[in-house]
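Work through the exercises below with the sequence and the structure at hand, and try each task before reading its solution.

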Amino acid sequence: MSSQRPILGAPIATRGDRRLTRGITVAWWYTVVGVMFFEFMLVFVWVSAALALGLGVGAIVTIGAGGLLWVAATYPLLQDYRHRSHDGPMASWRRALGPFLVAAVYGVVVGALSGTWFMGALPLAQFVLLLNWPPGMRVRVVAIATVALGGVWILDMRVLLEADRGLNVWFLGLYSVLLPAVTVLSLWWWDVLFLLDRARASDARLAATQERLRVATDVHDLQGHHLQVIALQLELADRLIERDPTEAAAHLRAARASVDEARQGTRDLALRFRSVPLGDEIANAVDLLRAAGTSAEAVVAVDADDAPGDVLGPVIRETTTNVLRHGGGRRASLSLTRTGTAWRYEISNDADAAGPAVGDGSGLDGIRRRAQDAGGTLEVRRERQMFVVVVEVPDLAEGVR
């Protein structure tokens with residue numbers, strides 16, 4: 001049995017733009033849940049403060065229930081933040097009107113019931129900093145809001161200290177005043193991940209573009225040279241065809257030879273691109289899947305480059321394309337191992353229930369023909385929402401020995 005080298009993959013966050021950003025969707029929901037959790041804990045702290053201040057049951061229930069409604073009302077603002085533009089803070093004012101009214105009413109109610117200004121001002125401050133501010137402005141807004149809330153808290157401290165009934169004034173004030181800053185830090189963390197994901201996607205597209213340019217340059221250099229020689233030979237033959245037919249025929253033969261050289265050069269160029277070592281083929285496939293936002297990993301035999309590359313190379317590329325087109329986009333696994341006197345290539349991925357059937361189309365038919373022409377087999381199966389393709393081909397080197 002041959003030893004194997006693992007190519008370990010890690011989830012990267014990332015079809016089209018939807019697939020490229022799928023990996024950071026989870027990070028976005030962490031951000032949303034984190035911000036709303038901080039707001040929920042603030043409501044819990046305020047309810048505890050209402051109990052310590054000796055407020056009635058009605059006031060406590062109002063602060064708690066109204067706080068939950070206020071927390072829920074910040075969700076549309078967070079969603080607008082994810083899909084924000086640079087059109088100004090009130091670009092989507094119709095969607096912001098509801099959260100504004102909830103924040104304003106809740107602030108007035110909780111401020112009146114508690115007798116404090118900072119508890120009434122915080123919901124409005126949180127609303128303002130979640131608006132669609134242009135780059136750089138949100139930091140200034142949160143700085144102003146934090147300073148303003150801190151000043152109001154200091155003014156209210158005398159009232160809170162006079163009602164000393166086990167109320168932790170410092171914890172209440174610090175948590176309330178620092179909530180805007182904590183919220184902005186969470187959003188900043190999301191912005192960093194978003195920019196990193198865009199940079200990763202741009203790098204993947206740039207690498208593909210550079211590869212296309214390199215291929216185009218090689219083809220241009222090869223064909224341009226031969227076409228220029230052919231054109232020159234034909235022009236000479238045209239000039240000599242009446243005066244010296246023998247010499248003209250020689251130039252025509254030279255032009256035909258140049259055509260043959262151009263054909264052979266094109267075949268050699270194509271073979272050079274097709275004859276990538278299979279270990280590199282699978283590594284490239286893993287990189288491509290990760291660039292598309294799929295968590296991919298591979299296990300490759302150390303002597304995988306001895307496998308029939310003319311058969312398995314196109315198979316690896318075709319199956320990788322199938323995963324990109326029809327896969328669920330979350331995870332994939334590839335392996336190339338030797339089993340006795342045959343090579344076994346296997347690729348599995350999560351199936352996309354919303355997409356077309358993975359086994360349909362001409363892709364797998366072409367793979368089957370390649371495998372059968374090489375004396376091998378193709379196996380296709382579905383296992384627990386996973387789609388598996390297995391290709392086995394004989395070891396050509398074993399047949400030679």
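The model is predicted, so local features need pLDDT of at least 70, side-chain atom pairs count only at pLDDT 80 or more, and totals for chains, interfaces and linings use all residues. Residues are numbered from 1 along each chain as its sequence is written, and side-chain values use heavy atoms, with hydrogens and water left out.

**Exercise 1.** Determine whether isoleucine 60 is buried or exposed.

Solution. Begin by locating isoleucine 60 in helix H2 (residues 57-73), where helices are DSSP runs of H or I with at least four residues, numbered from the N terminus. Its relative accessible area is 15%, and buried means under 20% (1.4 Å probe, protein chains only), so isoleucine 60 is buried. Finally, leaving aside neighbours within four places in sequence, isoleucine 60 is in contact with Val47, Ala50, Leu51 and Leu55, contact meaning heavy atoms within 4.5 Å.

**Exercise 2.** Find which residues of H3 and H4 meet.

Solution. On the side of H3, the residues are Pro76, Leu77, Gln79 and Asp80, and they meet Arg95, Ala96 and Pro99 in H4.

**Exercise 3.** Work out why H5 is described as largely enclosed by the rest of the structure.

Solution. First list the buried residues of H5, which are Phe118, Met119, Gly120, Leu122, Pro123, Ala125, Gln126, Phe127 and Leu129. Because nine of the twelve residues of H5 are buried, this helix is largely enclosed by the rest of the structure.

Terms used
Helices (H or I, at least four residues) and strands (E, at least two) are DSSP runs, numbered from the N terminus. Buried means under 20% relative accessible area, exposed over 50%, partly exposed in between (1.4 Å probe, protein chains only).
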